Amino acid sequence: MPSIRNQIRDLRAARSMTQQELADHVGVTRQTVIAMEQDKYSPSLETAFKVALALGVALEQCFQYEPRGKR
Amino acid sequence: MSNIFDMEPSTMPILSYREKTLYASLLAEILVYGSYVFLHRQNSVDKVAGMIAAVIVLQIVLQLLIALFTRNRVTDERDRLIELRGYRAGYLTLAGLMVLSLGMLWFHAEAHNMNFENHRLGLHFLSVFFGMLIIADITKTATQIVSYRRAL
């Protein structure tokens with residue numbers, strides 16, 4: 001299981017934003033947004049900040065770090 | 001078109017621009033290299049050069065067609081990461097095959113007193129090295145495709 005989890009899907013849905021719209025805002029492909037939402041890809045710090053900015057939330061509201069074995 | 005609730009967690013049906021180009025590369029490699037392996041029993045320098053030229057031309061044509069019919073040609077950090085992963089797999093394959101072939105060559109030379117003056121030896125080496133490049137190239141592309149299918 002990944003140690004970095006995110007709330008992108010929920011935050012995006014709350015803002016009625018499509019995956020493509022978020023991808024366009026951040027400058028990544030829609031496939032990358034899908035991979036992030038499924039917790040299969042942990043973005044770079046720069047992209048993480050861009051995602052949080054696009055969703056209008058603080059970074060820690062969007063991404064959470066959970067050390068392995070703590071859950 | 002995507003909506004806010006699309007994409008079930010286990011499915012990723014749409015292909016990105018990079019992924020399409022990878023499938024095109026794999027198709028070109030299999031078509032050209034496959035015909036080289038199965039159709040040409042008698043190898044020559046010209047045939048090897050022809051195959052390399054054919055795969056380059058076919059790749060250019062396929063990439064042009066994909067670029068023509070793909071509106072969104074964005075590539076990002078994940079694409080670059082997957083590209084690097086593919087190159088690493090390709091390099092390790094090539095290095096492994098190189099060590100294996102050097103070992104076999106040494107064994108062959110020791111056991112059978114190989115004649116290095118043979119005029120066909122150069123062509124034999126060319127075929128072996130070309131074969132190693134083919135395997136490494138296909139490994140690279142296949143690794144990238146698998147990485148995309150597994151999301152990374």
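This is a predicted model: local features need pLDDT of at least 70, side-chain atom pairs count only at pLDDT 80 or more; totals for chains, interfaces and linings use all residues.
**Helix H3 of chain A**

Helix H3 of chain A spans residues 30–37, and eight of its eight residues are buried, so the helix is largely enclosed by the rest of the structure. The buried residues of H3(A) are A:Arg30, A:Gln31, A:Thr32, A:Val33, A:Ile34, A:Ala35, A:Met36 and A:Glu37. Just after this helix, A:Asp39 adopts a positive phi of about 60°.

**Salt bridges**

Over all chains, the structure holds six salt bridges.

| Pair | N to O distance |
|---|---|
| A:Arg5 and A:Asp39 | 3.6 Å |
| A:Arg9 and A:Glu37 | 3.9 Å |
| B:Asp137 and B:Lys140 | 3.6 Å |

A:Arg5 is partly exposed, at a relative accessible area of 22%. A:Asp39, by contrast, is buried, at 17%.

A:Glu37, one of the buried residues of H3(A), forms a salt bridge with A:Arg9. Because A:Arg9 lies in helix H1 (residues 8–14) of chain A and A:Glu37 in helix H3 of chain A, the pair ties together parts that are 28 residues apart in sequence. The relative accessible area of A:Arg9 is 31%, which makes this residue partly exposed; that of A:Glu37 is 13%, and A:Glu37 is buried.

In chain B, the side chains of B:Asp137 and B:Lys140 meet in a salt bridge. Both residues lie in helix H4 of chain B, three residues apart, which is about one turn of the helix. An α-helix has 3.6 residues a turn, so residues three or four places apart point the same way. B:Lys140 is buried, with a relative accessible area of 16%. Returning to chain A, salt bridges that share partners join A:Arg9, A:Arg12 and A:Glu37 into one network.

**The second largest pocket**

The second largest pocket has a volume of about 380 Å³. It is lined by 17 residues, and those closest to its centre are B:Ser101, B:Met104, B:Leu105, B:His124 and B:Val128. Helix H3 (77–112) and helix H4 (121–149) of chain B are the elements that contribute two or more residues to this lining. By residue class, the lining of the second largest pocket comprises 13 nonpolar residues, four polar residues and no charged residues.

Notes: Residues are numbered from 1 along each chain as its sequence is written. Chains are lettered from A and ligands numbered from 1 in the order in which they are written. Side-chain values use heavy atoms; hydrogens and water are left out. On a 1 Å grid over the protein atoms alone, a cavity is a set of points where a 1.4 Å probe fits but cannot get out, and a pocket is an open set with protein on both sides within 12 Å along at least five of seven lines; lining residues have an atom within 4 Å of a point. Grid points are joined across faces, edges and corners, and a volume is the space filled by probe spheres set on the points. Helices (H or I, at least four residues) and strands (E, at least two) are DSSP runs, numbered from the N terminus. Ala, Val, Leu, Ile, Met, Phe, Trp, Tyr, Cys and Pro count as nonpolar, Asp, Glu, Lys and Arg as charged, and the others, Gly among them, as polar. Buried means under 20% relative accessible area, exposed over 50%, partly exposed in between (1.4 Å probe, protein chains only). A salt bridge is a side-chain nitrogen of Lys or Arg within 4 Å of a carboxyl oxygen of Asp or Glu.
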